[in-house]
Amino acid sequence: MGIVAGLDSSSGFTRVVVCDADTGAVLRQGYAQHPVDPKATEIDPQAWLLSLGEAASGGLLEGVQAIGVSAQQHGMVALDQQGNLVRPALLGNDKRAQVAAADLAEALGGRQAWAEAVGSVPQSGQVVAKLRWMARTEPEAAQRTALVLQPHDWLVWQLLGRPARRTTDRGEASGTGYWSARTGSYRPDLVELALGRQAELPEVLGPADTAGTTPEGLLISAGTGETMAAAFGLGVAVGDAVVSLGASGSVMAVHHEALADPAGLITSFADATGMHLPVVHTLNAVRALRGTAELLGTEDLAELSELALKSTPGSSGLVFLPYLEGERTPQLPHTAGTLTGLRRESMKPEHLARAAFEGMLCSLADAMDVLRGRGVEVRRVFLLGAAAELPAVQALAPAIFGAQVVVPQPADYAAIGAARQAAWALGVAHGTLAPHTPPLWQGAAAQVFEPGDDAAVGTAVRQQYVATREQIHPAAFGA
């Protein structure tokens, strides 16, 4: 069928992959950093175009027939009636809207009202909270705002030559705070609640739809957010969960329906295929390992991992609740971490090292159980992040999660997912693919780990952890 490209405009860089449209084989790649401070909370979107131009230089896109766009989520691009910037784009790491998010939650009647309306409770990163913040602190900019886009929407619009039609997709729309994955529709009343007035919103395209064609005849697919593109690039399906191991953590799974969670623990995203991606976040993951490594004086996490494997399951009775920055799952924002089970025989570096790994993984298993408790099936767990390569994580995770664990080789999965979407849209346009059947690309190369004979041991470790959590934080997850 030809070749396609996927571009991922992340928070600090742009990656471009050129793939065979039939097999998904990566033929060429490009990379460029964004010309901005990596800690910036707002940016001139032109920086994204400059980075894209550099990443795609040298004839990288020669022969490409279609492009898919993935981009950082929770950014806000506010435009006036003529399509000009009202102010620099606000990025997802901007925390200034925390108070605005809390105000919005109260204004609609609380967490349950929001969960039922759009599948999530307002957070500072969401566009709806950014609109509220702008209305309160920059009323002139809010008054001039006629159109609200997110980074991927804006990039698609630019690639198409700024046409009158502006588009987004289900995945990106589901992160705004004013589009419901359950109903598949916007809630304009929530935009007005946040901004104080109505604004134009982009048309929401289906997974295999085309956003448009450039004057040169290059097809541009709907595009999507980074999370959804990475899931599509990995090839996850129903029965799969994705655990991301960053400083904080998240557990995301593919499900057949949107989940409204009155407690606000689940954020109900849509995916890039027509399914749903319920996500549960934790505030503490690898930061708990790094803190333990500093306490023990180990050189790095690899040495901490080696030390942990010298201990035994259950860490000689040590249990570490890794709530070092408070916690979001369970909702304990003002708590601290806890280390229990100290006895003379347990006060050894290897036991504390293992307790850190067990605590991090048990905390993520708690998050996974929130999804399982709502009927989400988890048979296989994809582990992402540099910490997934640690031997201690690979040794402990299958038994603690009670599932097969897959550790994919590092790759540009968001860009690959965007390219796969482009191939899908191209196939539909040519009549070679159905709108409900994405191209069958080869899955990610990966290591696979099974619980095996350690399943019962993992259950015992979880039980020890849960008993400690319930003793110290009774009813943290409800009665």
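Aromatic pairs first: the count is four, taking rings of Phe, Tyr and Trp (its six-membered ring) with centres within 6.5 Å, where planes under 30 degrees apart are stacked, over 60 edge-to-face and the rest tilted. Select Phe-13 and Tyr-31, a tilted pair at 5.6 Å centre to centre with 40 degrees between the planes. Phe-13 sits in strand E2 (residues 13-20) and Tyr-31 in strand E3 (residues 26-33), 18 residues apart; strands (E, at least two residues) and helices (H or I, at least four) are DSSP runs numbered from the N terminus. This is a predicted model, with pLDDT of at least 70 needed for local features and 80 or more for side-chain atom pairs, while totals for chains, interfaces and linings use all residues. Numbering starts from 1 along each chain as its sequence is written, and side-chain values use heavy atoms, without hydrogens or water.

Phe-13 is partly exposed at 21% relative accessible area, and Tyr-31 is partly exposed at 40% (buried is under 20%, exposed over 50%, partly exposed in between; 1.4 Å probe, protein chains only).

Next, select Phe-232 and Trp-424: tilted again, 6.0 Å centre to centre and 40 degrees between planes. Phe-232 is in helix H9 (residues 226-234) and Trp-424 in helix H14 (residues 413-430), so the pair ties together parts 192 residues apart in sequence. Both Phe-232 and Trp-424 are buried.

Finally, pick Asp-8, in strand E1 (residues 3-9). Leaving out residues up to four places away in sequence, Asp-8 touches several residues, including Phe-13, Arg-15 and Glu-226 (contact means heavy atoms within 4.5 Å).
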